[in-house]
Amino acid sequence: PQMLLLLDRAVRRAALLRDAENFVALNAQLLEMALLKEGMDEARARKLSLTRVFSEEPGSYGPGVSEMTANTSYWKDSMDVARVFINRTGFAFGQGMWGARAQGIYRRNLGMVDVALHSISSNVYRALDNDDVFGYLGGLALAVKKERGRFPEVKVVRSTGKRAWVEGISTTLGQEMATRYFNPKWIRGMMKEGYAGAREMSKFVEYLWGWQVTAPFAVSQVKWMEAFRVYVKDRYHLGLRGFFDRYNPWAYQAMVGWMLEAIRKGYWKAPEKVKLALAREYAVSVVQKGVACCEHTCNNPFLHQFVANLLSIPGALSPQVTARFKKAVERATGRSLERGVKERIGLMKRLARSLKAKIIKGMELKEENEKKEPAPPSSGVSWFLLLLSFIMALMVVVGMRSQIRHTYDPVSYTHLTLPTN
């Protein structure tokens, strides 16, 4: 807590300097003028114009970005993700405010951002092995895009202890992918870990998707294509398909699902052959192993409809296998594909209306007394995330019960060899 107060004090002291070009003071003046035009009194406008420290409401956790990017079937536009980030992190700290809702001044600050910066000084935790970096740095970039109309420069300060340098996020991701996730030595190391290693491979693709949504300029088509070559086509001939089948077939299914979602949502312009290959891999995995009940698979009727449409192309996959794929999905979800899509569209509309209403309500700044007992977390999206968690839990239970009732005999699916074309 004291670090937040020190940052706030540093900003206010810096604004007083007059012996150099002072961008802190200049931006504060612009903000103050805007607040005065809105009818705010001079003292309060001055105070808020120097507010630069924002975070989540005390008692809450996380910006909500990873929950949104994972639940791909609940939003159409990435600006929905940006709205959640702003609504979750728009609370001011400093000068008598401690977690005061400050959506208005926060958005004005975001609209003036040129550069978003993050520092990495370790090889243990990087930008693609967890959801925090894209959740905060990517979420910030996306929020600036919403408020300013364009992305800021997204930079990473790298440090080895002996030297430090600044690089663009695209370079950071590219280097990490080349040296770790596309490195056969790393992959072999993960294969030694069995189930957990397979999960790490799948998580990398999930976090790549998180960057794709929040900082699309940083994830090129080449990155997706290389992920396909290395993990689906087994570029290094490591026996990855057999490894996944033995230790964690659902990690492989989830990985393929993320690639299909990148295509379905228009981020990855994959060649037709790649689309069909991914659809076949996904469908056969579902038939042989059952549906991996992740947020973007079992709980995503749009993905299953997309796969079914791809498989309807003559020669893509045998009609019998396609029918078994649909039946497996419907058995796991408890509804037909058509009904699932229709219900999800209706739910999305209701959620969008409710979220919009709560965000508009939260736009008004409410300056809270620092000594006041903090209220329970009540950010506009908390109810939304709770609803998603309930739905996901329900889907998992349904899927588990379904798989208990229906066993899969691997021998009976030996004819499911994928076409070579």
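## Spaces, sheets and a helix pair

The largest cavity holds about 40 Å³ of space. This is a predicted model, in which local features need pLDDT of at least 70, side-chain atom pairs count only at pLDDT 80 or more, and totals for chains, interfaces and linings use all residues. Residues are numbered from 1 along each chain as its sequence is written, and side-chain values use heavy atoms, with hydrogens and water left out.

**Cavities and pocket**

The search runs on a 1 Å grid over the protein atoms alone. A cavity is a set of points where a 1.4 Å probe fits but cannot get out. A pocket is an open set with protein on both sides within 12 Å along at least five of seven lines. Lining residues have an atom within 4 Å of a point. Grid points are joined across faces, edges and corners, and a volume is the space filled by probe spheres set on the points.

Ala, Val, Leu, Ile, Met, Phe, Trp, Tyr, Cys and Pro count as nonpolar; Asp, Glu, Lys and Arg count as charged; the others, Gly among them, count as polar.

The structure holds two cavities of 30 Å³ or more.

| Space | Volume | Lining by class |
|---|---|---|
| Largest pocket | about 910 Å³ | 15 nonpolar, five polar, three charged |
| Largest cavity | about 40 Å³ | four nonpolar, two polar, two charged |
| Second largest cavity | about 30 Å³ | four nonpolar, no polar, three charged |

Ser66, Thr69, Ala70, Asp131, Phe134, Glu206, Tyr207 and Trp209 line the largest cavity. Helices and strands are DSSP runs, numbered from the N terminus: helices are H or I with at least four residues, strands E with at least two. Helices α4 (65-70) and α10 (195-214) each give at least two residues to the lining of the largest cavity.

The second largest cavity is lined by Leu128, Asp129, Tyr181, Glu200, Lys203, Phe204 and Tyr207. Its largest share, four residues, comes from α10.

The largest pocket has 23 lining residues. Nearest its centre lie Arg52, Leu110, Val113, Val115 and Leu140. Two or more lining residues come from each of α2 (23-37), β1, α5, α6 (103-110), β4 (115-120) and α7. Strand β4 gives the most, with four residues.

Helix α5 (residues 78-89) and helix α7 (residues 132-148) have axes that come within 8 Å and cross at roughly 110 degrees. Axes are lines fitted to C-alpha atoms, for helices over the stretch in contact, and angles run from 0 to 180 degrees between N-to-C directions.

Contact means heavy atoms within 4.5 Å. On the α5 side, the residues that meet α7 include Val81, Phe85 and Ile86. Among their counterparts in α7 are Tyr136, Leu140 and Lys146. The residues of this contact divide into nine nonpolar, three polar and four charged.

Two strands pair if DSSP finds at least two bridges between them. Strand β2 (residues 91-94) pairs with β3 in the antiparallel sense over four bridges. Phe93 stands opposite Trp98 in β3.

**The β4-β5-β6 sheet**

Another open sheet of three strands runs in the order β4-β5-β6, with mixed pairing. Its edges are β4 and β6 (164-168), each with a single partner strand, so one side of each has no neighbour in the sheet. The twist averages 25 degrees from one strand to the next.

Strand β5 (residues 153-159) and β6 pair in the antiparallel sense over five bridges. Lys155 has Gly168 in β6 as its bridge partner. Helix α7 packs on this sheet and touches β4 and β5; its direction makes about 165 degrees with that of β4. Helix α8 (residues 169-181) also packs on the sheet, touching β4, β5 and β6. The direction of α8 makes about 100 degrees with that of β6.

Strands β5 and β6 form a hairpin with four residues between them. In the turn, Gly161 has a positive phi of about 100 degrees.
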